[in-house]
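These are my notebook entries on contacts between side chains. Each entry records what I looked up and what I found.

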Amino acid sequence: VKQGADLHSSTFDQLVANEYMEQYDIDANIARILVAYRKRRDVMVEALEVEMPEGVTFSRPEGGLFLWVTLPEGIDARKMLELALKRNLAFVPGGSFFPEKNRENTLRLNFSNMPEERIVEGVRRLAAVLKECMANAAAASVEESAVK
């Protein structure tokens, strides 16, 4: 059916998918991973609620594998990522996901592929990086005011 619909799927890949579905209960597997992903999502949301400073908002997704974070105005997620990477922490800056170019203070977090304890630690690191960026932005604002 897939091959007839778009002519782009590899025949071999279709055979592998078919073999999997004949040998395994895909519905049971989906039910199992839903439980794991729901728990990881809940752990991330709880960690964000505890760790994030005032002015940060985030989604509470009912599906999917990601949640969205909106940082305080003036915090650039791309610049924040540079600091985060130095601390073994990665996220996807959100600006590229929006057609308008004024959403650089957003980011996307994935909760599907890490165990709960690593999610909590990652959120702690993220909060520390954000607090550092906020302090740097406040200091730069004070310096700018003093120069004027």
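**Entry on Glu132 and Arg87.** I looked up this pair and found that the side chains of Glu132 and Arg87 meet in a salt bridge, with 2.5 Å from N to O. I count a salt bridge where a side-chain nitrogen of Lys or Arg is within 4 Å of a carboxyl oxygen of Asp or Glu. The pair links distant parts of the chain, 45 residues apart: Glu132 belongs to helix α5 (residues 116-147), and Arg87 to the loop between α4 (77-85) and β3. For these names, helices (H or I, at least four residues) and strands (E, at least two) are DSSP runs, numbered from the N terminus. Glu132 is partly exposed, its relative accessible area being 27%. Arg87 is also partly exposed, at 34% relative accessibility. My terms are buried for under 20% relative accessible area, exposed for over 50%, and partly exposed in between (1.4 Å probe, protein chains only).

**Entry on the source.** I note that this is a predicted model, in which local features need pLDDT of at least 70 and side-chain atom pairs count only at pLDDT 80 or more, while totals for chains, interfaces and linings use all residues. Residues are numbered from 1 along each chain as its sequence is written, and side-chain values use heavy atoms, with hydrogens and water left out.

How many salt bridges does the rule give? The count comes to seven. One that I looked up joins Glu49 to Arg60, with the closest N and O atoms 3.1 Å apart. Glu49 is partly exposed, with a relative accessible area of 47%, and Arg60 is partly exposed at 49%.

**Entry on helix α5.** I next looked up Arg125 and Glu121, whose side chains meet in a salt bridge at 3.3 Å, N to O. Both residues lie in helix α5, four residues apart, which is about one turn of the helix. Arg125 has a relative accessible area of 31% and is partly exposed; Glu121, at 32%, is partly exposed. Through salt bridges that share partners, Glu51, Glu121, Arg124 and Arg125 are joined into one network.

**Entry on aromatic rings.** I searched the whole structure and found three aromatic pairs. Rings of Phe, Tyr and Trp (its six-membered ring) pair if their centres lie within 6.5 Å; planes under 30 degrees apart count as stacked, over 60 as edge-to-face and the rest as tilted. Trp68 and Phe98 form an edge-to-face pair, 5.8 Å centre to centre with 65 degrees between the planes. This pair links distant parts of the chain, 30 residues apart, with Trp68 in strand β2 (residues 66-70) and Phe98 in the loop between β3 (92-93) and β4 (106-110). Trp68 is partly exposed, at a relative accessible area of 29%. Together, Trp68, Phe97 and Phe98 form one aromatic cluster.

**Entry on charges over rings.** Which residue lies over the face of Phe98? I found Arg103 there, at 4.2 Å from the ring centre. A charge sits over a ring if NZ of Lys or CZ of Arg is within 6 Å of the ring centre and within 35 degrees of the ring normal. Likewise, the charged end of Arg108 sits over the ring of Phe66, 3.7 Å from its centre.

**Entry on Lys101.** I placed Lys101 in the loop between β3 and β4. Lys101 counts as exposed, at 66% relative accessibility.
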